Amino acid sequence: KLAYVGDGNNVAHELMFGAVKLGLQFSIGCPKGYEPNPLIFKSAVREAQKLGSPIPEVSTDLFVDDTAADVIYTDVWISVVGVA
């Protein structure tokens, strides 16, 4: 499982597609209003369905359940300043 915490930006999009192509479970925890682009997310879901990969998960909970994650990835995320 690959868990990403941060804004739903280009890095999140690429990790999501990489996880789908590799058959990995992917979850992202991002601030409300900073979710991945809905069109890109729908495309990743379609690709996962086509490949038989787990469907990516998106949550606005910054404490996404990463206890079962094999990899936790984060990126610079200015949007979270003052959220905690």
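Predicted model: local features only at pLDDT ≥ 70, side-chain atom pairs only at ≥ 80, totals over all residues.

Reader: What makes helix 1 roughly parallel to helix 2?

Author: The axes of helix 1 (residues 10-22) and helix 2 (residues 38-51) cross at roughly 10 degrees and come within 9 Å. Angles under 35 degrees count as roughly parallel, and helix 1 is therefore roughly parallel to helix 2.

Reader: Which residues meet in this contact?

Author: From helix 1, H13, M16, F17, V20 and K21 meet I40, F41, S43, A44, E47, A48 and L51 of helix 2. By class, eight residues of the contact are nonpolar, two polar and two charged.

Reader: How do you know that E47 and K50 meet in a salt bridge?

Author: The N to O distance between their side chains is 3.5 Å, and the cut-off is within 4 Å. The structure holds one salt bridge. E47 and K50 are three residues apart in helix 2, which means that about one helical turn separates them.

Reader: Why does K50 count as exposed?

Author: Exposed means over 50% relative accessible area; K50 has 63% relative accessibility and therefore counts as exposed.

Reader: What makes strand 3 and strand 4 stand at the edges?

Author: Four strands form an open sheet with parallel pairing, in the order 3-2-1-4. Strand 3 (57-59) and strand 4 (71-74) each have a single partner strand, so one side of each lacks a neighbour in the sheet.

Reader: How do you know that strand 1 pairs with strand 4?

Author: Pairing requires at least two bridges, and four bridges join strand 1 (residues 2-5) to strand 4. In strand 4, T74 is the bridge partner of V5.

How values were computed
Residues numbered from 1 in each chain as written. Heavy atoms only, no water. Axes fitted to C-alpha atoms, helices over the stretch in contact; angles between N-to-C directions. Helix = DSSP H or I, 4+ residues; strand = E, 2+ residues; numbered from the N terminus. Parallel < 35°, antiparallel > 145°, perpendicular 65-115°, else oblique. Contact = heavy atoms within 4.5 Å. Nonpolar A, V, L, I, M, F, W, Y, C, P; charged D, E, K, R; others polar. Buried < 20%, exposed > 50% of the residue type's maximum accessible area, 1.4 Å probe, protein only.
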